[in-house]
Amino acid sequence: MAARLLYDVHQRYKPRIYREFLGAEPYTESEFQARYRFSKESIQILTNLLNDDLKRPTHRSHAIPVETQIKIALRYYASGSFMQVIGDTFGYNKSTVSRIIQAVTGAICFHGADFLRWPDETSKPAIINGFYDIARFPCVIGAVDGTHIRIQAPSDNEYAFVNRKNFHSINVQGICDHEGKFTNIVAKWPGSTHDSFIFRNSDVGIHLDQNHRGFDVDGLLLGDSGYACKPYLMTPYLRPSTR
């Protein structure tokens, strides 16, 4: 009987198998970017930036390298595939992939404020001059627009996430400077939400509505016809006359 119990206990628990992802990917730079949406150099920069946040405090030899964690998360972001599929690609189980994605996402958000900065008095002149050099349009401190990030249909309020193109998404508002660098991002509204509503209820929209002192002092944003024309937000003429 004792031998039988020991046999049952041994069979109940599968031995833990550690599989090492070697990372020797035979991809060209373009193939690499198609899979991760980042260049090899950019991933190395991310690895250095997030190393202290993602490095596991263990002396064991089975800790997942930080670069591998970042690649797993970026592959998930880029493909929108199931975690099980991502895990099979890298040689890790679904639960490990889930923990990695949560950890990398949290680390990236923690450092977000280091890169997403609204123009201040010292940076505004360079941005204004940059836009003027591009299009001879004065006093511009940013361009605003929304983009739809496709998602799987959620179980709660599914209908709210169906956008005007009839697929499920998050409507993400972005504001960028003359170099195409984001200075502000709002990524919390379902796909059916209109761009103008997101802007009016964003921190930037509220701040400009309450504190804007004039385009010659605080500058202005450029937006498409989906936004309402404001003293701080210029939109196109709908039907301009060329006569």
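The model is a predicted one, in which local features require a pLDDT of at least 70 and side-chain atom pairs count only at pLDDT 80 or more, whereas totals for chains, interfaces and linings use all residues. Residues are numbered from 1 along each chain as its sequence is written, and side-chain values rest on heavy atoms, with hydrogens and water left out.

The secondary structure of the chain comprises 10 helices and 5 strands, where helices (H or I, at least four residues) and strands (E, at least two) are DSSP runs numbered from the N terminus. Of the 243 residues in the chain, 34% are buried; here buried denotes a relative accessible area under 20%, exposed one over 50%, and partly exposed a value in between, computed with a 1.4 Å probe on protein chains only. Among contacts between residues at least 6 apart in sequence, 50% join residues at least 24 apart, a contact being defined by heavy atoms within 4.5 Å.

Helix α6 (residues 94–110) takes part in a crossing with helix α3 (residues 40–54), in which the two axes come within 10 Å and cross at roughly 115°. Axes are lines fitted to C-alpha atoms, for helices over the stretch in contact, and the angles run from 0 to 180 degrees between N-to-C directions. On the α3 side the contact involves Leu50, Asp53 and Leu54, which meet Ala103, Val104, Ala107, Ile108 and Phe110 of α6. By class, this contact contains 7 nonpolar, no polar and 1 charged residues, where Ala, Val, Leu, Ile, Met, Phe, Trp, Tyr, Cys and Pro count as nonpolar, Asp, Glu, Lys and Arg as charged, and the others, Gly among them, as polar.

Helix α4 (residues 66–79) also packs with α6, at an angle of about 90° and with the axes 9 Å apart, and the two helices are therefore roughly perpendicular to each other. The contact is formed by Gln69, Ile70, Ile72, Ala73, Tyr76 and Tyr77 from α4 together with Val97, Ile100, Ile101, Val104, Thr105 and Ile108 from α6, and its composition is 10 nonpolar, 2 polar and no charged residues. Within α6, Val97 is buried at 0% relative accessibility and, leaving aside its neighbours within four places in sequence, is in contact with Ile72, Met83, Ile86, Gly87 and Tyr92. Thr105, another residue found in α6, is partly exposed at 30% relative accessibility, and its C-alpha atom is separated by 9.5 Å from that of Leu74, 31 residues apart along the chain.

The axes of α2 and α4 come within 7 Å and cross at roughly 75°, which makes α2 roughly perpendicular to α4. In this contact Phe32, Arg35 and Tyr36 of α2 meet Lys71, Leu74, Arg75 and Ala78 of α4, and the classes represented are 4 nonpolar, no polar and 3 charged residues.

Backbone geometry was considered next. Most residues other than glycine have a negative phi. Arg37, although not a glycine, has a positive phi of about 65°; Arg37 is placed in the loop between α2 (29–36) and α3 and is exposed at 51% relative accessibility. Asn166, likewise not a glycine, has a positive phi of about 70°, lies in the loop between β1 (140–150) and β2 (169–176), and is exposed with a relative accessibility of 65%. In strand β3 (residues 182–190), Lys188 is exposed at 60% relative accessible area, and its C-alpha atom is 9.1 Å from that of Gln173, at a sequence separation of 15 residues.

With regard to the cysteines, a search of the whole structure finds 0 disulfides, a disulfide being a pair of cysteine sulfur atoms within 2.5 Å. Cys139 is buried, with a relative accessible area of 18%, whereas Cys176 is partly exposed at 22%.

Notes. Parallel < 35°, antiparallel > 145°, perpendicular 65-115°, else oblique.
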